[in-house]
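Dear colleague,

Please find the structure below, handed over for your study. Kindly look through it before reading the notes that come after it.

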Number of protein chains: 2
Amino acid sequence: MNARFYAPSASVVGSEVELPEDEAQHAGRVLRLKAGDSVSVFNGHGAEFAATVASMTKSRVTVRLDARAEAKAELAVAFTLAQAVLKGDKMDDVVRDAVMLGYAAVQPIVTARSEVSLAALTRSDRHERWQRIAVSSAKQCGRAVVPAVASPVAFEGPTSLAHLPSPQFLLVEPGASNATTAVSGVAPAAPAALTLIIGPEGGWTADELQRCANHAHPLGLGALTLRADAAAIVAATALMTHWKLI
Amino acid sequence: MNARFYAPSASVVGSEVELPEDEAQHAGRVLRLKAGDSVSVFNGHGAEFAATVASMTKSRVTVRLDARAEAKAELAVAFTLAQAVLKGDKMDDVVRDAVMLGYAAVQPIVTARSEVSLAALTRSDRHERWQRIAVSSAKQCGRAVVPAVASPVAFEGPTSLAHLPSPQFLLVEPGASNATTAVSGVAPAAPAALTLIIGPEGGWTADELQRCANHAHPLGLGALTLRADAAAIVAATALMTHWKLI
């Protein structure tokens, strides 16, 4: 199988495009490709190409786009993950897994029980790191789309997420509320897009649950007590299965 | 919430039982409990108790079982995970997640493309480590059952797994075979027990797929390309959703 590279500027067959710095280093230092080698290229917006290494210097790699190739199909439902930022580097795994599971976008949120503040996040380089992880996960799982990882926002109820797709499903851990819907109770017709809102390690506060009550469907997953960093995988898989997407 | 301890010998209300060494250390050195403190105890076979610390020395902790308590309900279907041993410590995460998702048992297997040999596994302490991880995951997610982690076996086709529950579902990655059934095509009536067979990072060989053809249902998960260590989570969630168990 040819090596596969992310080239966001790839667009017109026949043209030559330069690989981003990370990708150029990978092509040169790690894979030791040379001019004339066949590669695959995707642009992160859904286009996949058969390509050839056109030129290669220490710091710069260009590829010629030879032909469009069939891109891996995206899910019929565009899932957005509104995920409370988790402790340590767990959020890295969540972003990686969300891309692998087919999420269309990730919106990190800071909730009442998040252990990191929005100010601290903004000062750090974590947002850029999540974006890099999204690229690398898309490379690995063969998607031609790199899901956008938005800048973190504070979660202060439904208005904080008004820019995200509806319907919105708020994942609620067992025992936190008796008003949850099981996945089997979700409407059988899949929407074109939706947002899954997932809390931090400590869960939602009663105040957060109440503020969302009329805006997001409270979703339960039976009696499962999940790790916070597995919730996005399990909830998306359950909804995809419910709607027969997988 | 009271601290919760694993005491495999806990059985008769009114009796005193000694905690295993790990648990005793946790109670003493970490939590600094003392005689008279209320705790919860589970025996790993499905029984949960309200208990009281009866005596506490440096090396030995006994608890008195005061009353039976309601144990967390187990899934209506007993899932066994026959998982190819993964690289490094990824299998640790798989065991932890399998317990969290409600699997009833784990059977590590060594397949053609496993990167570890059965002999090397047998010499190492990994089997004991997985058993400890199963206990700690059950503690964390509130299950009163600790799933058994069996000794690893070589996977040489269906006879290697004849001791495991049927029906058997072999998870097949996209592209490896065109004979897969989607989850939505699985029979709608849930069996009482089943085995999910999941391959290593490198997937199944054509030979393995063929040998299983008449014995295990080849299960596909749409076009998803999963990390090997996420497959057990995704496949179980999909089947649980299909059968409306969550």
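This is a predicted model: local features need pLDDT of at least 70, side-chain atom pairs count only at pLDDT 80 or more; totals for chains, interfaces and linings use all residues.

Residues are numbered from 1 along each chain as its sequence is written, and chains are lettered from A and ligands numbered from 1 in the order in which they are written.

Chain A consists of domain 1 (4–69) and domain 2 (78–242), with bounds from an automatic or database domain assignment. Their C-alpha centres are 33 Å apart. Eight residues of domain 1 and six residues of domain 2 take part in the contact (C-beta atoms, placed from the backbone, within 7 Å).

In chain B, helix H4 covers residues 126–141; helices (H or I, at least four residues) and strands (E, at least two) are DSSP runs, numbered from the N terminus. Among the buried residues of H4(B) are Trp130(B), Ile133(B) and Val135(B), where buried means 20 or more other C-beta atoms within 10 Å of the residue's own, all placed from the backbone. The buried residues of H4(B) pack against strand S1 (4–6), helix H2 (90–100) and strand S8 (148–149) of chain B. Just after H4(B), Gly142(B) has a positive phi of about 85 degrees.

Between the chains, the contact takes 28 residues from chain B and 28 residues from chain A. On the side of chain B, the largest share, six residues, comes from H6(B).

Yours sincerely

Technical notes
Two residues are in contact if their C-beta atoms, placed from the backbone, lie within 7 Å. The expected span of a helix is 1.5 Å times one less than its number of residues. A residue is buried if 20 or more other C-beta atoms lie within 10 Å of its own, exposed if 12 or fewer, and partly exposed in between; C-beta atoms are placed from the backbone.
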